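Here's a quick tour of the inside of a protein model. Have the sequence to hand as you read.

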Amino acid sequence: AGIRSGNAGPGAQQGPQKWTAKQQCNAQRIASRAGRANAAMHSSHVSQFFVISSRGDTLLSRDFRGDVVRGTADIFFRKVKEDSELPPVYNLDGLTFISMKRGALYFLVTTNDNASASLCLELLGRIVKVFKDYCGVLSEEAIRYNFVLLYEILDEMIDFGYPQLVSTEILKTFI
């Protein structure tokens with residue numbers, strides 16, 4: 001049985017009081033939910049986001065957490081040039097690269113944590129869809145022309161590395 005201490009006021013019995021079974025059950029349920037939520041959030045963040053052209057130019061970049069070294073876009077592109085059949089998810093020196101190629105553009109997120117690869121790929125797919133919805137076409141020129149808008153969208157979609165709003169319909173109410 002759980003014990004709680006407290007002062008119920010003057011004239012009240014001093015010392016520890018026992019929790020009722022219902023109070024214990026509620027406390028355990030709350031602690032369990034908080035633990036699951038923290039574990040899910042901890043394992044689902046991204047550190048950086050990039051859009052890279054087929055020539056290796058970084059068109060968009062955002063470092064959400066500051067926990068990964070700079071130059072990861074260059075590392076990724078060198079790896080792409082070495083291996084044209086690069087898998088969408090790979091780990092290099094403790095840094096996980098998760099990428100998606102659409103046309104002549106590479107969309108990339110990096111993380112140094114054990115993030116869910118399927119969540120990151122789904123996030124990349126939704127980012128691609130939203131960017132296309134706002135720009136009309138997904139090309140290097142469209143991204144260069146709309147980069148300010150795309151940074152605003154990206155800031156609404158990802159906050160400190162955690163996915164937030166990933167639907168065009170919802171984003172249109174804000175942007």
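This is a predicted model: local features need pLDDT of at least 70, side-chain atom pairs count only at pLDDT 80 or more; totals for chains, interfaces and linings use all residues.

Residues are numbered from 1 along each chain as its sequence is written, and side-chain values use heavy atoms, with hydrogens and water left out.

Let's start with α2 (72–82); helices here are DSSP runs of H or I with at least four residues, strands are E runs of at least two, and both are numbered from the N terminus. Its buried residues (under 20% relative accessible area with a 1.4 Å probe, protein chains only; exposed is over 50%, partly exposed in between) are Thr 72, Ala 73, Phe 76, Phe 77 and Val 80. Looking down the axis of α2, these fall within an arc of 135° (taken from the directions from the helix axis to the C-beta atoms), so they line one face of the helix. On the face turned away from that buried side, α2 carries the exposed residues Lys 81 and Glu 82. The buried residues of α2 pack against β3 (48–53), β4 (58–63), β5 (89–92), β6 and β7 (105–111).

Now for the nonpolar cores, which are sets of buried Ala, Val, Leu, Ile, Met, Phe, Trp, Tyr and Cys residues joined through side-chain atoms within 4.5 Å.

| Core | Size | Members include |
|---|---|---|
| Largest core | 29 residues | Phe 49, Val 51, Phe 107, Ile 158 |
| Second, separate core | 13 residues | Phe 50, Phe 77, Val 80, Phe 97 |

Which residues of the largest core touch the most other members? They are Phe 49, Val 51, Phe 107, Ile 127, Phe 131, Ile 153 and Ile 158. The largest share of this core, 9 residues, comes from α3.

Is Ser 53 buried or exposed? Ser 53 sits in strand β3 and is buried, with a relative accessible area of 0%. Leaving aside residues up to four places away in sequence, Ser 53 touches Leu 59, Phe 77, Ala 104, Leu 105, Tyr 106 and Glu 140, where contact means heavy atoms within 4.5 Å.

Last, the largest pocket holds about 160 Å³ of space. Its lining includes Phe 76 and Val 80, both also among the buried residues of α2, along with Tyr 106, one of the contacts of Ser 53. β6 gives the most to the lining, with 3 residues.

How values were computed: On a 1 Å grid over the protein atoms alone, a cavity is a set of points where a 1.4 Å probe fits but cannot get out, and a pocket is an open set with protein on both sides within 12 Å along at least five of seven lines; lining residues have an atom within 4 Å of a point. Grid points are joined across faces, edges and corners, and a volume is the space filled by probe spheres set on the points.
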